[in-house]
Amino acid sequence: MNDGSTAKCQACEQSRRRFFSRLSIYLGSLAAAIVAIPSIGFLLGLRRPTKVWRLVGHVQDFEIGSTTQVSFEDPSPLPWSGVTAQTAAWLRRIGENEFIAFSVDCTHLGCPVRWLSGANLFMCPCHGGVFYADGSVASGPPPRPLFQYPVRIETDEVQIFTSPLPIA
Ligand code: FES
């Protein structure tokens, strides 16, 4: 009687081990797939960042000589980005129909720069980077000028051509 129940328990134990062994293989495979699928999509270029023209205002909204912060949707937002899908640029009107758009991202480590109209400079609050009004580096650690976006005017709409920007 004891021999039979012992043999039965051993069979139960082996069956349970097999079940948990298979379960761990399935769960491991599922976790690997969850991690790998986005990476494979990225490597295959399935999530290419889009470059699009974004409306940032109308010509009459900007005074000639002014530098204004404008916001627009990031060119490649993730579905769960929420409000972080919004990004910004500094838009300067330099003539009747001429604009320059600077990225707000500092070329050092990407902190948003601020325009100080009194000093006629862009300042980065993170490590003291300073840029001249034309975007070139005045001082501090930034290795290159502020990136610029192409700007166009369609009827009276000011549009900038968004694209992901490299950060040093
Ligand atoms: S991020 Fe701007 S100076 Fe470092």
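Tutor: Strands here are DSSP runs of E, at least two residues, numbered from the N terminus. The model is predicted.

Student: In which strand does Ser 103 lie?

Tutor: β4 covers residues 98-103. Ser 103 therefore falls within that run, and the strand of Ser 103 is β4.

Student: Which residue has its backbone nitrogen 2.9 Å from a polar atom of the Ser 103 side chain?

Tutor: A polar contact needs N or O atoms within 3.5 Å. The Ser 103 side chain has a polar atom 2.9 Å from a backbone nitrogen. That nitrogen belongs to Asp 105.

Student: How far apart are the sulfur atoms of Cys 111 and Cys 126?

Tutor: The structure holds one disulfide. A disulfide requires cysteine sulfur atoms within 2.5 Å. Cys 111 and Cys 126 form this link, with their sulfur atoms at a separation of 1.9 Å.

Student: Which parts of the chain does the pair link, and how many residues apart are the two cysteines?

Tutor: The disulfide joins Cys 111 and Cys 126. Cys 111 sits in the loop between β4 (98-103) and β5 (114-116). Cys 126 sits in the loop between β6 (121-123) and β7 (130-132). The pair links distant parts of the chain, and the separation is 15 residues.

Student: What is the angle about the S-S bond in the link of Cys 111 and Cys 126?

Tutor: The link of Cys 111 and Cys 126 is left-handed. The angle about its S-S bond is -95°.

Student: Why does Cys 111 count as buried?

Tutor: The cut-off for buried is under 20% relative accessible area. Cys 126, at 37%, is partly exposed. Cys 111 counts as buried because its relative accessibility is 17%.

Student: What is the relative accessible area of Cys 106?

Tutor: Cys 12 is partly exposed, at 44%. Cys 106, by contrast, is buried, and its relative accessible area is 2%.

Student: Where is Asn 120 found?

Tutor: Asn 120 has a positive phi, near 60°, though it is a residue other than glycine. Asn 120 is partly exposed, with a relative accessible area of 43%. Its place is the loop between β5 and β6.

Student: Is Thr 155 buried or exposed, and what is its relative accessible area?

Tutor: Thr 155 is located in the loop between β10 (151-154) and β11 (157-162). Its phi is positive, near 50°, in a residue other than glycine. Exposed means over 50% relative accessible area. Thr 155 is exposed, at 76%.

Technical notes:
Residues numbered from 1 in each chain as written. Predicted model: local features only at pLDDT ≥ 70, side-chain atom pairs only at ≥ 80, totals over all residues. Heavy atoms only, no water. Helix = DSSP H or I, 4+ residues; strand = E, 2+ residues; numbered from the N terminus. Buried < 20%, exposed > 50% of the residue type's maximum accessible area, 1.4 Å probe, protein only. Polar contact = N/O pair within 3.5 Å; in protein donor to acceptor, adjacent residues only side chain to side chain.
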